[in-house]
Amino acid sequence: MSQTAYRTHHCADITESLIGQTVIVSGWVDRRRDHGGVAFLDVRDASGLVQAVIYDEEVARPLRSEFVVKVTGDVRERPEGNENDHIATGKVEIVAREVIILSKSAALPFQVSTALANEAEEQLPGDDTRLRYRYLDLRRPQMQRNIRLRSNMAKAARNELDKLGFTEIETPTLIKSTPEGARDFVVPARLSPGSWYALPQSPQLLKQLLMVSGVERYYQLARCYRDEDFRADRQPEFTQLDMEMSFVSQEDVIALAEQVIAAVWRSAGYEVTLPFRRISWADAMDKYGSDKPDLRFGNQITDLTRYFENTPFRVFQADYVGAVVYKGAADLPRRQFDAWQEWARQRGAKGLAYVQFSEDGELKGPVAKNLSDEERSGLMEAVHAEAGDAVFFAAGAREPSQLLLGAARVEIAKRQGLLKKDEFAFAWVVDFPLFKRTDDPDDDDVAVGHSVWTSMHHPFTMPSADWIDTFDKDPGHAMSDSYDIVCNGNEIGGGSVRIHRDDIQDRVLEVLGIGEEEAQDKFGFLLEAFKFGAPPHAGIAFGWDRCAAILAGEDSIRDVIAFPKSGGGTDPLTGAPAPISDEQRAETGVDYDPEEDE
C-alpha cells in the first residue's frame, strides 16, 4: 500500500512480519478496555482491526468509542494466552508511543463495534433509525461486507463481459416519457416551459438503438426509476446489469448470461454448475405456483381438478383444485391451522382448506366430512402424502389458486428450515405467453374496440417462431421468445429476443391497441431507426440489488444498497422528498400556462 501522512499500514496489515517495526495506523476506536493502568484499544479501519496498548493513563482517558485516532507505535507479539484467533492481527499488537485524536464522536444511537458484532446485531434499532444514521449503520461489519461484496460483483461482471467482447456505454437518465407499465418520475425542463423529462424505467429503447448503431454488444450497470406505490422490498430507484447483443438467438443469450452469473457468484466465493435447469412458464405455475419458483426443495403442487370433477363438496366444484403437502403437520394444534386461514386472507384468499392424515391414516379436518367415501379413500395417494402429513387445498380460478398454493409451499419450507441461504437453485423459466389479458373478456370495452391484451414482458418482444404468422389471430395462446432467470424463488433477471422487423412490430402494436399516432408519440424514434437496417438482437437485464442480497444472505435489498429509501420512497437521512421554495418552483416552469402566451 502507499503511505500517507496518516498511516504507514492499514490495520489488517499489522501481522507477525512487522514485529519490531514502528508503524502508524489511523481509524476509529472500535472498543476500549482498561486493565489496571493499561488500556487496550481496538482500532478499526476499512481493512479490519488491530489492538493497540496504551500505558499512559492520561493518553487513554479521553478516548471513546468511534473517536477517530492516529496511533504511532511498535509492533510486538502478544503475550502467550492473549492471542485472538478471530482476527487476522490476533497474534500481534501495537505498543503506542503517540495517540492523536483526529476527531471526536458523540454518543452513538446504536452499537456499530466490530468486536461486539453479534451483540450489536441483536440490539439493532428499526429501519428508520438505521437509515436516519446510515453513515453509522454502514460502519457495521455486516454492512461493510455487503458493500464490498457488491463492488466485487461489479468487477467480476465487467471482467467477464470484457472477455466476451462487450462495450460499456452509459445511456442518458433524462429521456422522453415512454411508460413501461409503472409511472415515470418526471422532471420539469426549465428551458422548455410546459415540457418534461422522464427518468428511465429501464434503458430498453436506447439499448435497442445501440444495436441499430452497430455496437453489437453493449452493457451497463444502469440506474432505473419507477414511481410505484409502496411495496415491501422495492425501491423507487434501483440498479440493473443491462446487456444487449446483435446477431444472437435466445440460446446464445442464455449461455452468455450463465457465464456472467458464474463469474459474479465466483467473486463471492461460490461455484455454480452450468448449464442451469430449464422449466416452462406453464410447468412452473402448475408445479410450483409461481413464475419464479424456489427449487431448493421439492414438494410440488398436485392438480386435483379431475380427481374432484364429480365431488359433492361445493367448494371443490371449481375450475381448478390444487393441493400441497405439509409434511409431518397432522398433529399441529387447531390454532395453528386457524392462523393459516388468516395467512391466506392476507393474500386475498377466503381461506385455506385442509385435511390431516393421522398416524393411522385416518382422514381428519373440516374438509374431510364433505368428501365422498371414494375421494377420502384415495386422497392420500393422489396427493403423494403419508400418514402424519397435512394437506392444504385451493379451489377457484386457476392462476390465483396456484399462486396461493405456491406461497403456501414456500411458507411451509420456511417453517421447516429448508430455505438455506448458502444454497443456490438456479433455473431458466422459458416459453412465456406473448400477451396476457388485462380484463374480463366479456367486458364492454371489447365492444367499443379497446384491446384487452397487454404484453407479458414488453411490446418489443419477438413472438416465438411457431407463432410468427398467427400470433395476432390467437393472442390468447401465442408464445414468445422470452426468458427469466430465477434463483431461490426470486426473479434475478429477464430478457427476450427483440422484434427487428417493421411488419411484426406493427402487428404486435395492433393487438395491444396502440395505433400509429400513439406509437409515434411514445417510441417513434425507435420505429424510425428500425427502417435503416436493424439487426436481429436480444438481451437481458439482471436485478443487481436482488443478486447482491441473495449472495449476501440478506432478506432485504436495503441491506446491500448504500443509501436506500424507506417505506413510501422517503429518505430518513436527507429528508427527501422535500418541498422546494416558491422561487425554485417558479424557475422550473411547472406552473407554465401556454394560454398566457397567446
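## Close-up views of a predicted model

**View 1. An arginine sits over a tryptophan ring.** Arginine 437 lies over the face of tryptophan 453, and the distance to the ring centre is 4.6 Å. Like every view here, this one comes from a predicted model. Elsewhere in the chain, arginine 132 lies over the face of tyrosine 133, at 4.7 Å from the ring centre.

View 2. Strand β1 (residues 22–35) pairs with strand β2 (residues 38–45) in the antiparallel sense, over seven bridges. To find your place, look for arginine 33, which stands opposite phenylalanine 40 in β2.

**View 3. Eight strands form an open sheet.** Here the order is β6-β9-β10-β22-β21-β20-β17-β11, again with mixed pairing. At the edges are β6 (167–168) and β11 (277–280), each pairing on one side only. Helix α6 (residues 204–212) packs on the sheet and touches β9 (217–225), β10 and β22; its direction makes about 25° with that of β10. Strand β10 (residues 237–246) runs antiparallel to β22, with seven bridges joining the two. In this pairing, leucine 241 stands opposite phenylalanine 542 in β22.

**View 4. A hairpin links β20 and β21.** Two residues lie between these strands, and asparagine 488 in the turn has a positive phi of about 55°. Strand β20 (residues 482–487) and strand β21 (residues 490–497) run antiparallel and are joined by six bridges. Isoleucine 485 stands opposite glycine 493 in β21. Moving on, β21 is also joined to strand β22 (residues 537–543) by five bridges, and these two run antiparallel. There, valine 497 stands opposite alanine 538 in β22.

View 5. Searching the whole structure gives 19 aromatic pairs. One of them is a tilted pair, because the rings of phenylalanine 308 and phenylalanine 316 have their planes at 55°, with centres 4.7 Å apart. Both phenylalanine 308 and phenylalanine 316 are buried. Tryptophan 340 and tryptophan 343 make an edge-to-face pair, 5.1 Å centre to centre with 65° between the planes. These two tryptophans are three residues apart in helix α9 (residues 334–345), so about one helical turn separates them. Tryptophan 340 is buried, with a relative accessible area of 0%, and tryptophan 343 is buried too, at 7%. Both belong to one aromatic cluster, formed by Tyr326, Phe337, Trp340, Trp343, Tyr354 and Phe392.

How values were computed
Residues numbered from 1 in each chain as written. Predicted model: local features only at pLDDT ≥ 70, side-chain atom pairs only at ≥ 80, totals over all residues. Heavy atoms only, no water. Pairing = 2+ DSSP bridges. Helix = DSSP H or I, 4+ residues; strand = E, 2+ residues; numbered from the N terminus. Contact = heavy atoms within 4.5 Å. Axes fitted to C-alpha atoms, helices over the stretch in contact; angles between N-to-C directions. Phe/Tyr/Trp six-rings, centres within 6.5 Å; stacked < 30°, edge-to-face > 60°. Buried < 20%, exposed > 50% of the residue type's maximum accessible area, 1.4 Å probe, protein only. Lys NZ or Arg CZ within 6 Å of the ring centre and 35° of its normal.
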